[in-house]
Amino acid sequence: MPNRILLLALSLGAFSIGTDGFVISGLLDRIARDFDVTTSVAGQLVTVFALLYAISAPILAAMTAKVRRKQLLVAALIAFVASNVLGAVAPTYEVLMVARVLAAFGAALYIPCGIAVTVSVTTQEWRGRAIALVAGGMSAATALGVPIGTLVGAIGSWRITLVLVAAMALLATIVLMVALPEVPTPPSVTIRERLGVAAHPRVLAALLSNALACAGVFTMFTYIAPLAMKTTKVDSTGVSVFLLVWGVAAVAGSAVGGRAADRWGGDRAYFGSAAVLTVGLLVLALFTLPTPSGSWAGRGLFGLILAVISVSCWSLPTGQNHRIASLDIPAPTVALSLNSSSTYLGIAAGGALGGVATGSGSMTALTLTATGIEVLAVIVLAVAAALFARKRAADPQSAQPGLSATN
C-alpha cells in the first residue's frame with residue numbers, strides 16, 4: 001500500500017481521538033472522587049465532548065474550507081494535544097471541562113479532514129483499504145485504547161491516561177508535519193447547503209434514527225464504570241476487563257455489520273442490529289433487578305450481555321453508511337459527514353439522559369432508560385420504512401437507486 005507511514009500516522013491520530021472520546025467513561029469514578037463531584041456530573045465530560053463534536057464538525061468544516069489540508073490537520077492535532085495536556089494537569093473540574101471542550105474542537109476538525117486527505121493521497125486501487133485503515137483507528141481505540149487507558153487509570157491515575165493520549169497524538173503530528181505533502185483543497189460546502197442535504201426526507205429519517213440508536217446505547221455505556229461496579233461488585237481493574245470485552249466485541253460487530261449490509265442491504269442490516277441492541281439492553285435491565293451478588297457467574301453473564309450489546313452497537317455504522325450511500329441525493333459525501341454528527345449528537349444525548357437516570361443511584365433506571373430510547377429508535381425505523389414503502393408503491397419512480405463509486 002502506497003504512503004503506508006503517512007496512512008499509519010493518520011490512523012494513529014484517529015486512534016488517539018477515539019481513545020480520548022470514550023476512555024473517560026471508564027474513568028468516571030476516579031475523576032468524580034478526585035474533584036469531589038457526583039458520577040453523573042463527571043459524566044457530563046463525555047456529554048459535552050460529544051455534543052460539541054456533533055455541533056462544531058459541520059460548522060468548522062465550512063469555516064476552514066479554504067485552509068490548506070496539511071495546515072488544518074496539524075493545527076487540529078496540536079490543539080488536541082494541548083487540550084489533553086491541560087486536562088492532565090487540571091486543578092479543578094471546571095478546568096478539565098474546558099480541556100474537553102478544546103479536545104472536541106480538535107477532534108471535530110481532524111476526523112473529517114483526515115478521511116478527505118486519505119482519499120487525496122491514495123489511488124483508486126487502494127482507496128477503500130486506505131480509508132479502512134485510517135477509520136480503523138477509531139475501532140482499534142474501542143478494542144485496545146479504551147480498556148488499556150482505563151487500566152492505566154485504575155493502576156495509576158486518569159491523568160496518566162490523558163498524557164499517553166497526548167503523546168500518541170503528538171507522534172502523529174510530527175509524522176504528518178514531515179511526511180504529508182500539500183494536497184488539493186476540496187470545494188467548499190456552505191452551512192446552508194449542508195442543512196439542505198440534512199432536510200432531505202430520507203436523510204433526515206436516517207439521521208434521526210441513528211441519533212436515537214446511539215443515544216440509547218450510550219445512555220448505558222457512558223456510565224459503564226458505575227454500572228459494572230454496582231452490578232457485579234468489581235473494582236476499576238474489573239471495569240477495564242469488561243471494556244476489553246466490549247472492545248473485542250466491537251471489532252466483531254464491525255465485521256458482522258459489513259457482511260450483513262452486503263447480504264441484506266443497509267436498511268435491513270441496520271434495523272436488525274438496532275432490534276438486537278434493544279433486546280440486549282432489555283436483558284441488561286432485567287439483570288440489574290436482583291440484588292447484586294458479585295459472583296463469578298454473574299460477572300460472566302454481565303460480560304456476555306455486554307458483548308452482545310457491543311456487537312450489535314458496532315454493526316450499526318456500516319449499515320448506516322451503506323443505506324445513506326444508497327440514496328440518490330445531491331452531495332452524498334455531505335450526508336455521510338452529517339451522519340458522524342448525528343452519532344455524536346446521540347452520544348451527547350445519551351450521556352445527559354444517563355446522568356439524569358443515575359441521579360437516584362439506580363442502575364435499573366439507567367438501563368431501562370437506555371432500553372426505552374432504543375425502542376423509540378426501532379419505532380422510527382419501522383415507521384420510516386413503512387412510509388417510504390408506501391410512497392414507492394404509489395410512485396415507482398421515487399425508488400432510490402444506489403450511487404456509483406464516482407458520486
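This is a predicted model: local features need pLDDT of at least 70, side-chain atom pairs count only at pLDDT 80 or more; totals for chains, interfaces and linings use all residues.
Ser 362 caps helix 16 at its N-terminal end, with a side-chain oxygen placed 3.4 Å from the backbone nitrogen of Thr 364. Helix 16 itself comprises 32 residues, and the distance from its first C-alpha to its last is 47 Å, close to the 46 Å expected at 1.5 Å a residue.

Rolling a probe the size of a water molecule over the atoms shows where empty space is left. In the second largest pocket, that space amounts to about 500 Å³. The pocket is lined by 22 residues, and those closest to its centre are Arg 202, Asp 267, Arg 323, Phe 388 and Arg 392. At least two lining residues are supplied by each of helix 9 (201-221), helix 12 (266-287), helix 14 (316-325) and helix 16 (363-394). Sorted by class, the lining contains 11 nonpolar, 6 polar and 5 charged residues.

The side chain of Asp 20 makes a polar contact of 2.9 Å with the side chain of Arg 100. Beyond its neighbours within four places in sequence, Asp 20 is in contact with Phe 49, Phe 80, Asn 84, Ala 103, Leu 162 and Val 165, as well as with Arg 100.

How values were computed: Residues are numbered from 1 along each chain as its sequence is written. Side-chain values use heavy atoms; hydrogens and water are left out. On a 1 Å grid over the protein atoms alone, a cavity is a set of points where a 1.4 Å probe fits but cannot get out, and a pocket is an open set with protein on both sides within 12 Å along at least five of seven lines; lining residues have an atom within 4 Å of a point. Grid points are joined across faces, edges and corners, and a volume is the space filled by probe spheres set on the points. Helices (H or I, at least four residues) and strands (E, at least two) are DSSP runs, numbered from the N terminus. Ala, Val, Leu, Ile, Met, Phe, Trp, Tyr, Cys and Pro count as nonpolar, Asp, Glu, Lys and Arg as charged, and the others, Gly among them, as polar. A polar contact is a pair of N or O atoms within 3.5 Å; within protein, one must be able to donate a hydrogen and the other to accept it, and residues adjacent in sequence count only if both atoms are side-chain atoms. Contact means heavy atoms within 4.5 Å. The expected span of a helix is 1.5 Å times one less than its number of residues.
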